[in-house]
Every structure is written in C-alpha cells, then in structure tokens.
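Subject: Handover of a structure and notes on its local features

Dear colleague,

Please find the structure below, passed on to you for your own work. My notes follow it, arranged by chain and by topic.

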Amino acid sequence: MEQAKNIGIRENVISNLGVNPQDAKISLTYFTISFATLLIGGLLGLIQGLERAGLYSLPAGFNYYQVLSAHGLLLLVVFTATFTIGYQLANLSHSFNGLLPKVRKMIWIGIVLKVIGVVLAVTMIVLGEASVLYTFYPPLAAHPIFYIGLVLLVLGIWSVAFGVFINYRHWRKENPGKPTPILAFFAMGVFVLWFFASLGVTIEVFMIIPWVLGWVETINVMVTRTLFWWFGHTLVNIWYLVATSAWYIIVPKIVGGKHFNEKLIRLVVILLVVLNIPGGFHHQIIDPAISISIKFLHVFMSLSIAVPSLMTAFAMFYVLEKAGRKKGGKGLFGWFKKLPWGDVRFLAPMIAMIAFIPGGAGGIVNTSNQMNQVIHNTMWVVGHFHVTVGVSVVLTFFGICYWLIPHLSKRQLTPKMNKIGVIQTWIWTIGMTIMAGSMHLAGLVGDPRRTSDTTYAGHETALSWLPYEYVFATGATLLLIGVIIQVYAVFNMMFFAPKGKTEYPVSEPEDDQPKVPMWTERWGLWAIVLLAVVAMAYVIPIVDMIVNAPPGSPPIKTW
Amino acid sequence: MSKLEEIWMTVSVGVLVIFMVIVGYQTYALGMGPPSHKETIDPQKVEQTAPFDNPGLIDLGDNKYELVMTLEAFAFNPGNVEVPVGAEVEFTMTSKDVSHGVQIPGTNVNAMVLPGHIQKITHTFDEPGEYLILCNEYCGTGHQAMFTTITVK
Ligand SMILES: [Cu+2]
C-alpha cells in the first residue's frame, strides 16, 4: 500500500514538472542518429537481398561483403545502441525528475565519441579497408583505424553508462530507504550488463590493435573468437532486456491495466543481467579446441536464460488477460479481443512479444549441441535473429516511438499518425514473416549465410535454394518500405506534428502488492555474481586456449 | 508467488532439465557430440607438417577412409574426391590462412576449421550422388567460390 502511495505522489510531481527540455534534447539527438542509421542500414539490407538473389549487381568498386559489413555494424550496433540510450535516458530522466548536470555532460561526451568512432569505422568499410563483417574474426585484419573507431564507440557507451551509475547512486543517497522507480531499475540493469559485456570485446580489440600495427607478429585466434562472443551475443540480449522494460512497465498502462508483481520483475532483470554473458559460447559449438564437456556445460548455461524468459511470458499473459477481462472480455479468449489492437503503442510491442515465442524456440535449437550442427552458419541463423532482433526488439522500439517522441518534442500523436503506425507495423510483420520464415527453411536445406552468391557453378543442391532467395528479396523489399514509413513517422513526430502534451505511459502496481524488497538494489552484489558466473564459464576454456595454444596467426587481408 | 506461478516455474525448470538429459544422452551415450578436436598445428607451416604435407584420401580398409584436407582462401585441397557407397569418411582438416567452415548440405557435416587447429568430423555416405562441400564462414572476396564436391558411387 505504502509503495503504491509513494509512486502516486511521484507521478504527480512529474506531471507538474513535465518533460525536462535538456534531457529531451539528449534523447531526441539519439533518436535522430538512430533513425538516420536505420534508413542507411535498411537500404544496404535490401541491396544485399537483391544481390544474393541475383536480381541486382553492385556498381564496380563495391562488393557484397562491404555492404554486409556496413549493414551489420550500422543496424546491429549503431541503430539499436543509439535507440536504447535515447529511450533509457528518457526513462531515467522521467523517473528521477531530470538528470544531473554533470551526467548530462558525460552523455554529450559519449555522443561525440560514438559519432567519431562510427564515422571512422564506416569510412574504413566504405574504402574497402575493413570488409571483415560484424564479427571481424582474426586473422582477418582490417585497417587499424577501423579498430580505433570501435574503441571510441565503446568509450562513448561507457561514458553514458558511468553517467547512469552516478545518477543512480545520487538518487539512492537522496532517497534513503526508498526503492528506485522500476524504469530506473531497468536502466541500471541494461547499463551494468552493457558494461560487462563490452569488457570482452575491449580486451579483444586491445589484442588486435598492436597486431595490425605490426608491434606483435601473431594473435591467438581462439581467444579472440571467444572474447568476441562474450560481447557479440550479450549485445543482442541487452536489446531484449530493453524491450522487456517496455513490455513489463509501458504495455500494461496502454491496455489500461497495472504492472506485475514488482519483486518478480526485479528478479527477472537481475537474472537476465547475471546469467547472460556465457550464452555467447553457443556460437562456438562446432569450433575445434573446446572439449565436448565444456560445450555441454555451455548448453546448460545458455539455456538458463530461458527461465527468466518464461517468467516474462507468464507475467505478460497474466497482465493482459486481467486488463482484457476488466474491459468485459469473457470466456477463454474473449479478453484477447478486448485488447486495443488499433493502438500502435500496443500493437507493435504485442506482435514483438508474440514473435518472441518462435524466436525463443529457435534460440533453443541454436543453443543445443546436435541441432546447432545442422543449422550452424546457414540462413536459419539469419532468419532467427531477424525474428528476435528484427521483430521482438525492433517492433518494440518502433512502438515506443509513437508515444516517447511526441512526449519529448511536446507534440501529439494524431489519430492519422497512429493509423500510419498500425499500417507500418503490419507491413513490418508481413515482411519479416516472409523473409525470416523463408530464411529458416533455406537454412534447413543447407543454404549458407554470409555468402554473396550461392549458385556454386550450378550444383543442383545450390539451385534448390534459389526460390527461397527470391522470397527473401520480396520480404526485404517490404521491410525497406516499412523503414521508410517509420523514419517518416519519427521525424514527423519530432518536428511537424501538432503541438500538445503526450502521456508517458508508466503503469502502476496493483493495490495489494507487498513492499519492494530492498535487497534487489544491491548492484555491487549483482556485479560480483555476474563475474562469478562469467568466471565459471570462461576461466577453464580460456586458460586451456592460452596454455595449449598453437603458434599464432599473422594478419591476413583476403578481400 | 501464486499457486499458478509456482506450477509454471516448476514446469519451466522441469522442461529445461529434461532437455539437458536428452542432449546429454545424445552427446555422451550416443557419441553425437559436436566436432571438438583439440590437436594444434603451426598455421604458417601447414605444408611442412604431417599429415597435411600430403593431403588426400587414405584408404583404411573396410570401406573406411580418412580425407586429409587443407582449406585456404578460396579452395579445398584436394577437391573432387570420389568414394564408394557406404564409405565412412573421417575428414581431417586445417586452415592455411583465415577461419573457414566446412559444410556438406544434406548431411550433418558442419564444422569450423580455424588456423592453428586441426578439426575432425566423420560421416558415412549411404546414398550415392555428387555432394557439395562448401565454405560457410566468410573468408574474403572469393568466399562464394570456395567449394568442391565429393562423389559417392
Ligand atoms: Cu573459406
């Protein structure tokens, strides 16, 4: 009860103050970068789809792998990261009644570092000096400036992360004995996970830079791969954690309900943060130099993430059913029809949540030893992450735009814009279903990923993949239309929509909820647990890879 | 936590445990674990190191073969190998340069082949035909041209 009252008071204070203009500027800057990147990255995605199906050829001087490197880096790293930061900082500012001035400064420094970093890395890709894809596996060696760009990108993210930690500590000190608002708790989880995830790739890049500069002759290939996936897979789960913050806290308000038991929500956040990093190992299930027993342990460690995910599924169905019944939905599925399907703020994250069911099931396939062997490095994997990132995460992000951007720009979500959003959501859903669905099927019959042309001199097995590739191209075309509509909607709501006030839809707890347990706030402890889990997963294999290492590999440029 | 929540959590964890038992049974009892060979080699001296100094198909008798293969941008050596129907072939592979992946669509042959490491995977070819062997890890501009065949007759 007391908790509910506290939140009630806080809500009032916030609606009196409204949006903090300095913080709104930060978030809107991030969204501008984010959606400009989406437009470029999406266009590069369609070019790939057409090239692969043999329907288009790139102009002389450019090749498929260059386009793929840029598409991967721009969408998987830049678009998602900048959206995440813009959204999480808005949540933090809303929860804390504005950010601290020195934190704002750190965030602006972060923006500058990141932009310089991305420009350096992408320039090297465009110049043909870094066609090394998102994974940049050594001994493929790009231009040193590419890696320096990555370092600046990571430093930019750290600058924001430390800002968030400082602001969190400050609020906790100012409000002794009070639990942090739940959205701020999510933001803490996101940045703690992000910081520890990026440690792996940071160590990797600091191994690579002296090697590409010629200061050391060779590099340990297995260690760099392992450090990459420490980061590379966790990154995807950071976006997923960001999406769940909207599922748990924003969606219930939009459907006219209340959020789930806060103790469980906090427990899910903590589990997603501490269990996540070892999941990266399932990318190495068919690698040499890792024993079968270690791989078996990692099947378990990767799958453990299914537990908080299933808890989320339970909580969301509970909340939605309750809201639907309150509106008069009867029978087993009557509540389902009562949900606000015509409201883009609900429709987009709802489809995102539904997509997580096949997405999660596909993830279990990828994680398990024998099944992984069937689909490893095939189009199945590409289909899988277009369902998880491309739908579960991205549609949630799109849905957030329709209330957060007008809120920050002090404008309105008009019924017309809502309708555009609904149409966009369906185009996206259909496009992804067609593209990702056919990618899964093509992968099962062996179509490899990351390959510009899969005709293999007309071998009959290879020719059987072509029909699927035409279907990918059709899906990719719809998706580019979706991107264009979304980018239009974002900039329209940012600069041209009618002035007004838009609600920040934060749901409240139900009335009879117990007090939020304060032990959930012990982030120092969660960081130690995270490190212990990482140590359990990584110490034995990495020591083995170093002690039993072969002579290393020199830098090689094969493009 | 409510009763329903407890049931849901128990079922979730139960499914996870059953899943692990199945994967464990396949891995350890049926010997279906993923390719995980642990031998190493100097990636800059592959051509001077046995058995890769003389790559090719070795007849082990009993319709069993070892195929010693080197991978490099953008070729498999040797290529276009022929084996009889029912042959059990153990692929012994390493890379002379960057990371590659070997995949034979329509079979469970799928393994990473990394410089400095020797990788092994075994497959029995029960059906006749011309199988495609392709590289499924990006290795450079000619990656799409890195393939060969194995003919079973
Ligand atoms: Cu290759």
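I begin with chain B, where B:P51 sits in the loop that runs between α1 (3–29) and β1 (56–61). The peptide bond that joins B:A50 to B:P51 is cis, with omega at about 0°. Please bear in mind throughout that this is a predicted model.

Chain B is divided into two domains, with domain 1 covering 1–33 and domain 2 covering 46–152. The C-alpha centres of domain 1 and domain 2 of chain B are 36 Å apart. For residues 7–28 of chain B, an unreviewed UniProt entry lists a "transmembrane region". In the model, this stretch of chain B, residues 7–28, is 100% helix and 0% strand. Its end C-alpha atoms are separated by 31 Å.

In chain A, the loop between α4 (101–126) and α5 (144–174) holds A:T135, and A:P139 lies in the loop between α4 and α5 as well.

Is A:T135 buried or exposed? Its relative accessible area is 2%, so A:T135 is classed as buried, the cut-off for that class being under 20%. Leaving aside residues up to four places away in sequence, A:T135 touches A:F228, A:W229 and A:R450.

Backbone torsions in chain A also deserve a note. Which phi value does A:N377 adopt? A:N377 is not a glycine, yet its phi is positive, at about 55°. A:N377 counts as buried because its relative accessibility is 5%.

A:Y456, likewise a residue other than glycine, has a positive phi near 45°. Its position is in the loop between α15 (415–444) and α16 (460–463) of chain A. With a relative accessibility of 2%, A:Y456 therefore counts as buried.

With kind regards

Note on methods
Residues are numbered from 1 along each chain as its sequence is written. Chains are lettered from A and ligands numbered from 1 in the order in which they are written. This is a predicted model: local features need pLDDT of at least 70, side-chain atom pairs count only at pLDDT 80 or more; totals for chains, interfaces and linings use all residues. Side-chain values use heavy atoms; hydrogens and water are left out. Helices (H or I, at least four residues) and strands (E, at least two) are DSSP runs, numbered from the N terminus. Buried means under 20% relative accessible area, exposed over 50%, partly exposed in between (1.4 Å probe, protein chains only). Contact means heavy atoms within 4.5 Å. UniProt positions are given in the numbering used here, feature names are shortened, and annotations may be inferred rather than shown by experiment. Domain bounds come from an automatic or database domain assignment.
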